[in-house]
Amino acid sequence: MPQPKPVKHDPYAVLRLPEFRLYITARLCITLAMQIQAVIVGWQIYDITKDPLSLGLIGLAEAIPSIIVSLYAGYLADVVPRKKIIMIVISALLLCSAALLYFTLDISSVLAVFGVLPIYIVIFISGIARGFMNPAVFSFMPQLVTGKQLYANAITWSSTTWQAASLVGPAIGGLVYGFYGITAAYVTDAILVLLSFVAFAMIGAKPLPENINPQNLKESLRTGIKFVFGNQVILNAISLDMFAVLFGGAVALLPVFASDILKIGPEGLGFLRAAPAVGSVTMAVWMAYHPITVRAGKIMLWCVAGFGVSLILFGFSTSFWFSLVMLVLSGAFDSISVIIRSTLLHTLTPEYMKGRVSSVNSIFIGSSNEIGAFRAGAMASWLGAVPSVVLGGIITLGVVGVTAWKADKLRTLDLIDESQV
């Protein structure tokens, strides 16, 4: 009996969907804006304070409100139309960008009177907005594609867009800041947030997925948390990424490396910030053509280990070019881990529960970026920037070792095809 021919993988399937293209455009613009803003704020605060701890406090100012609202934001994304939440949140982020721009104008004496405190307040408010945005965007994206068989393809291109913006955004932020000044950089940030608002507005409203078991707020939150902690593969995957980001992150300290170690100025900082995304976007594009289907768990573990090693070598480097290469490698390793984890979350989570599960994931992963930034800044203030990065990379390797030993289901995980895990 003749065997059926295998279905040819189409890497451009979701890009043929008009609303998904609008989503990609909106995601590109908002990510560019946030990356540009992060570079400007980091350099501005370090330029004023000359204290590595102040860089860590930026992350803490954003993480605390995001964690506080995250579970409720996930619940809201499952009971309120997700596009509505996204539009309100981007409006709030636009106001935050406008406030940061106002602080730099000659008519404003806010920073002269209060120092960097107003910047931290704006970052705190933007942390609240982003806490609501993450579950809404995560659960809105699957409503723009047709069928679970396109999830991996959609996640890969969404991740590629995010990484591409992370590549270009820091470079734009550093170059505009370096050549045209801080006001021009914040204007660029605000324009991109506005463009994201317009692109999202052009996407049609989507009805909420049918909830077969409506619950009140308390029961709903408990169900979402129980789902994550009851699934060993999901729990181990997000725990691995959480600890890797928490201990292995070096991005918050890049202004210190650019200013005091490599001595390359704000323009060079932009390239350092962009370097991880060079590796990430390159790897994500490659994975769009060559999706991982076997030994996904082992590959994920090895890639997180590679992430830790590349950060250790970056910490010891005094060469600008070698530092760039190490950051590129860290981004490539991280990209594989992110795509595998995101595919698992989207595939294994029921549609009506994606907001709540995404909120738990945000607490594990999203907020660990900011808390990791605080960890790095506090440790750098105590030990120095180089020991902070090197020790973080070593701890990351330890986390991988423990996970490989304990998490047998993740270690043996295969992605059978793009719609099954």
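Mentor: Start with contact: it means heavy atoms within 4.5 Å. This is a predicted model, where local features need pLDDT of at least 70, side-chain atom pairs count only at pLDDT 80 or more, and totals for chains, interfaces and linings use all residues. Residues are numbered from 1 along each chain as its sequence is written, and side-chain values use heavy atoms, with hydrogens and water left out.

Trainee: OK. What is F20 in contact with, leaving aside its neighbours within four places in sequence?

Mentor: V14, L15, M141, V145, A154 and W157.

Trainee: And how many helices and strands does the protein have?

Mentor: There are 16 helices and zero strands. Both are DSSP runs, numbered from the N terminus: helices are H or I with at least four residues, strands E with at least two.

Trainee: How much of the protein is buried?

Mentor: Buried residues are 56% of the 421. Buried means under 20% relative accessible area, exposed over 50%, partly exposed in between, with a 1.4 Å probe and protein chains only.

Trainee: What share of the contacts join residues at least 24 apart?

Mentor: 87%, among contacts between residues at least 6 apart in sequence.

Trainee: Back to the inside. How many residues does the largest nonpolar core have?

Mentor: It has 87 residues. A nonpolar core is a set of buried Ala, Val, Leu, Ile, Met, Phe, Trp, Tyr and Cys residues joined through side-chain atoms within 4.5 Å. Those with the most contacts inside the largest core are F20, Y23, V41, I119, M133, F200 and F314.

Trainee: Which helix gives the largest share of this core?

Mentor: Helix α1, residues 18-49, with 16 residues. Apart from this core lies another, of 22 residues, among them M300, I340, L344 and L413.

Trainee: Let's do helix packing. At what angle do α12 and α13 cross?

Mentor: Roughly 155°, with the axes coming within 8 Å. Helix α12 covers residues 296-316 and helix α13 covers 320-348. Axes are lines fitted to C-alpha atoms, for helices over the stretch in contact, and angles run from 0 to 180 degrees between N-to-C directions.

Trainee: Parallel or antiparallel?

Mentor: The crossing angle makes α12 roughly antiparallel to α13. Under 35 degrees counts as roughly parallel, over 145 as roughly antiparallel, 65 to 115 as roughly perpendicular, and the rest as oblique.

Trainee: Left-handed or right-handed?

Mentor: α12 passes α13 in a left-handed crossing. That term applies if the near helix is turned anticlockwise from the far one by less than a right angle; clockwise is right-handed.

Trainee: Which residues make the contact?

Mentor: On α12, they include I299, M300, C303, F307 and S310. On α13, they include M326, L329, S330, F333 and I340. By class, this contact has 16 nonpolar, five polar and two charged residues. Ala, Val, Leu, Ile, Met, Phe, Trp, Tyr, Cys and Pro count as nonpolar, Asp, Glu, Lys and Arg as charged, and the others, Gly among them, as polar.

Trainee: Now α1 and α2. How do they cross?

Mentor: At roughly 145°, with axes coming within 8 Å; α2 is residues 52-79. This crossing is right-handed. V41, G42, I45, Y46 and T49 of α1 meet P52, S54, L55 and I58 of α2. The contact has six nonpolar, three polar and no charged residues.

Trainee: What about α3 and α5?

Mentor: Helix α3 (residues 82-104) and helix α5 (residues 117-140) cross at roughly 160°, with axes coming within 9 Å. That makes α3 roughly antiparallel to α5, and their crossing is left-handed. By class, the contact has 20 nonpolar, two polar and three charged residues.

Trainee: Last one. Where is A404?

Mentor: In helix α15, residues 385-406. A404 is partly exposed, at 25%. Not counting residues up to four places away in sequence, A404 touches L301 and R411.
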